[in-house]
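User: Got a structure here that I'd like to walk through with you. Can we start with the sheet and then go on to some packing?

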Amino acid sequence: MKKLLSIVLAIAMVLGLCGIASAESPVAKAADTWAEKWADVDTSEHVVINYMTTGDAPSAANAGAQDEMLAELNKILTEKVNAEINIVWISWTDYLANYNLRIAAMDGAIDLIGSSTDWLDAWPNAKRGGFLELSTEMLEKYAPVTYASVPKDHWDVCTYEGNIYFIPEDNYSQWTNHGFAYRLDWAKEAGLANGCQTWDDLTTYVKYVKATYGDKLIALWDTDGTAYPASGYITSFAKWRSIDGLASGALWGGYLDDPYTINCLYLVETDKLVEYAKLMKEWDEIGVWPTDVLSNTGADNRDEFRKGKVALEQHHTNTWTSLVSPKADSNNTMYVDNPNADVGFYYWGKEAGYVTRDLVTHGVAAVSAASKNPERTLMVYDLLRNDKACYNLFNYGIEGRSYAIDENGMRYTPDTYSADKDGISTNWWWGRNDDLEIPSAAMNWDAINALYEEYDKIAVMYPYEAFVFDNTNVQSYINQCNEIYNTYMKYLCFGQYSETPEEKVAEFQEALKAAGVDEVTAELQAQIDATYKK
Amino acid sequence: MTAINPKKPVPYSVSGSLRKKLWNSKTLILMCVPAIIYFIAFSYAPLPGIYVAFVNYNYRKGIFGSPFVGLKNFDFVAKSGKLWMLTKNTILFNLVFLLLDNALAVIVAILMKEIQSKSFRKVSQTMMFLPYFISQVLVGLLVFSLLNSDTGFLNVILKGLGAEPLRLYKTGEPWPFIITLVHLWQKTGYNSVVYFAAIMGIDAAVIEASMIDGANGWQKIRYIILPSLRPTIVILLLFALGGIVKGDFGLFWNLVGRNPTLYQKVDIIEMFVYRATVSDFNFSTASAVGLYQSLIGFILVLSVNTIVKKIEPDYSLF
């Protein structure tokens, strides 16, 4: 498998170098495009483009590598468009509130903004006037390579009331569908030769691990009770998809065979929800999570998973790819302590046989409405996304220090590399580009590609991409419902209540109805009808 | 003793025209300038901004350019059906805090005054004062390490003694008491300083005279110290009333957080608003709630002040 991959990569690289296969791709002829489009742009004034991203700034120890990379990059940017880039970090603590606050300040201190329609408030900020409207003329002139490489239907999903608000990261392969990462080696010991294929298998797994390794682990799942696999459970059986970006709780959506009839998952799938609540009561009794799970805020489950101290991690496929690759993270010490360690992934939808592809707008780049240099911002973005030298610097750092390329054309960390002083981070999750990506040799491609192939066979498109919701009339109901959802999910997903599951689910449904869930469903239905049933 | 005799005529006239009055008080006015500037800049100038509670705020259009939506921003608290419960909880918690805070602070201040050893007094005062400087986040973690079921200090001891562990994070009922206790632990040392200062300001001659007249310790406290503290107590209570509808979010959030078993029992306005709107970044709804709290606080202060004025005019604020 690895051999095959490297051959394919080698051929792709050779073809790429000869300019045969990709001669027509916008990235291949980027230099010419820029020369033509930017010839008459006035860049006499040197400007600083402030790029805002979520994440923690590199540690002081890593500042050297980071500064070296930025100095090198800014040299190129200055030469090409007389601009330099500066990164503004929104640290993870309360990131959403601080992110929105920074955009709302409108003081011109931010130019380029990384955003997302499902996990950051791209649409609310666009509608409140935080993002600049990007005309096609502007994009064609100042971000010509990106403009040419993004197909029209992808621009359409970034459009609201006739204006384009952001640039989608639509040429980057990743899967962010959620599920449980678990210890495949332990599952095999438990008699599950093919790993966990069903929720019943997961239950077998947790029982076995609790009995065998319970004393050595911090917990099976050291969660703080804010991850709710309830919809994951239900949609493992029912082919249903939520409309993203309405609220943190994915309450509304539709069945895939009839996506434009909107309903609330927790009202139409009562039986499955009760079944799930019963199962979680059982997990609570097995002792999968700490006794005080709902107040367990100090834990870092993922880090503990890397160290082999817990048995489950609930997140998406992309996170799993780093867990399953021993060398992908220096904290993956479970592989050192236990050479047999292996990590499997049970994804939502496995039993029903489907997954939804990522939204094209899962990562987008926007220009602040208060930016003093929107044109130059777009030019810098175009370079970072499409210029090989800029791309490598911004994504991987200085070659020879932060990364090196092996004989197969894959990326690895050189022997002199130390994660404490040679790492860089730019959190460039809004402009990655498969045409320029250098695959990492540290990844466990055998396992990853096997899962990706499985996904490709069963993947379906997200059905609501073209839908932008006008929440004016029902936002207060959405907030109410979301509050109810977050309250009851904590009870139901962790078995923290004294009533029977049937009673608690009924109480949850009553509370949702009282909070106006039906009003939101009706409003969504009306707007969905207007969008899709013309 | 050089106590100022209030009957002694003031050195300047406060009668006459306004201009003359202002001119005569120029030194006092000058001394007030920083405070006046502060209140104009941070309290009066932003007042028109209250309008944001009635608009659908747009970053580029600004507060006064955004479309007017009337009372719509108040909808979400009103529609929740919890407004009364939340307001009641918030007020009751604050009332309890207010009464216990002041009672305890007075007691502690008197006790401090009675301690003869100076070094012991300093040490105990400092120790009581310290919790005030601990961040609420740390307090939350501290309480969790004390009370949690698996590794908590309390339960480790209970288990060691062979008793059933107390599952405090799984039962809501004890939390009003835990929160009150933690609040008192944090604030008493700080609050007592004001009263301690007031006690130190009592004319020593009066206390001395009472001792000569044969008053015992208790009588001294009952007839001299407590009456002298009355104006301070009343004024501090009146000030505190203005914020009685504003909950101590930091304390509640860090102790109770996202655990619904607990917050269902001790929910206050701030907690609900935070949970309901944290995913919907909206200045307008937040301002609407703030305005609601300020209005109730304003009404409360006015009515209580009127009552105080009827009973003891000297103690009222205005």
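Predicted model: local features only at pLDDT ≥ 70, side-chain atom pairs only at ≥ 80, totals over all residues.

User: How many bridges join strand 6 to strand 14 of chain A, and are they parallel or antiparallel?

Analyst: There are 2 bridges, and the two strands run antiparallel. Strand 14 of chain A covers residues 364-367.

User: What's the strand order in the whole sheet?

Analyst: It goes 2-1-3-14-6 in chain A, an open sheet of 5 strands with mixed pairing. Strand 2 (83-90) and strand 6 (167-168) of chain A are the edges, each pairing on one side only. Helix 4 (residues 95-105) of chain A packs on the sheet, touching strands 1, 2 and 3 of chain A.

User: Switching to helices: at what angle do helix 20 and helix 21 of chain A pack?

Analyst: About 175°, with the axes 9 Å apart. Since angles over 145 degrees count as roughly antiparallel, that's what this pair of chain A helices is. Residues in the contact include Tyr485(A) and Tyr488(A) from helix 20 and Phe508(A) from helix 21 of chain A.

User: What kinds of residues make up that contact?

Analyst: 11 nonpolar, 2 charged and no polar ones.

User: Last one: is Ser242(A) buried or exposed?

Analyst: Buried, at 9% relative accessible area. Ser242(A) lies in strand 8 of chain A, and its side chain makes a polar contact with that of Asp244(A) at 3.4 Å.

Note on methods
Residues numbered from 1 in each chain as written. Chains lettered and ligands numbered in written order. Heavy atoms only, no water. Pairing = 2+ DSSP bridges. Helix = DSSP H or I, 4+ residues; strand = E, 2+ residues; numbered from the N terminus. Contact = heavy atoms within 4.5 Å. Axes fitted to C-alpha atoms, helices over the stretch in contact; angles between N-to-C directions. Parallel < 35°, antiparallel > 145°, perpendicular 65-115°, else oblique. Nonpolar A, V, L, I, M, F, W, Y, C, P; charged D, E, K, R; others polar. Buried < 20%, exposed > 50% of the residue type's maximum accessible area, 1.4 Å probe, protein only. Polar contact = N/O pair within 3.5 Å; in protein donor to acceptor, adjacent residues only side chain to side chain.
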